[in-house]
Amino acid sequence: MATVLGTMAKLLAVAWRPPTAGPWIEAVVSGMMARDLAATATALELPPAAIEACTDALATYEGADGDETMHALRREETRLFIGPDPVVENAEGTWLQREHGVRHPIRMINNHTKAVADFMAACGVVRKAHYNDCIDYLFNELDFCGYLADGGEALEQRGIDGAERLEAFAAEHLSQWVPGFCAEVEGASVEPYYRGLAVLTGAFVRALS
């Protein structure tokens, strides 16, 4: 189950990353991303309605032209998450700041982001040198959940219980912002891809919590 949990977190992390040419968009238009997400979510016994919503949404892109699909998703990702005043904040620190009434949230240098970085560092995960993006982006937090779920030598050497740390991270971080983020994306996106992904991600985080 830990491996399936880790796989789900990593699949969602990939799905939320900025659209790119090559394997990423090929996974979308071939239907592979939808099939992998559905199979893993089913193995975790996530709500069938959430799985169906994601599968149906991603089916919109199956067989479509890769370049056209990538440009459409890039355009929507930019509209939703990028720029000085994005429609939805996709990092924990900035989302929570907005939730608390901060009109122009500060990226990377805020208490929420520092708490995420400190939690990760305690588990052996540190920001790479010259990494200039938010460590608390949703896809980075999901990647970290995959790392905790799968356990491994890095955690064992530190005497860390990955399952216990995953439960704590979900309670202290994911559950505090991801359900709200997903609800905002579901309501704001004009692309089925992001709406369906938001439904499934929200269900996954609620199950973790």
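N140 is buried, at a relative accessible area of 14%, where buried means under 20%, exposed over 50% and partly exposed in between, with a 1.4 Å probe and protein chains only. Please note that this is a predicted model, in which local features need pLDDT of at least 70, side-chain atom pairs count only at pLDDT 80 or more, and totals for chains, interfaces and linings use all residues. Residues are numbered from 1 along each chain as its sequence is written, and side-chain values use heavy atoms, with hydrogens and water left out.

N140 belongs to helix α8, residues 138–150; helices are DSSP runs of H or I with at least four residues, strands are runs of E with at least two, and both are numbered from the N terminus.

I turn next to A21. This residue sits in the loop between α1 (2–16) and α2 (23–30). Its contacts, again leaving aside neighbours within four places in sequence, are M70 and R74. A21 and G66 lie 45 residues apart in sequence, and their C-alpha atoms are 8.1 Å apart in space.

Finally, consider I106. Its position is the loop between α6 (92–99) and α7 (111–122).

Conventions. Contact = heavy atoms within 4.5 Å.
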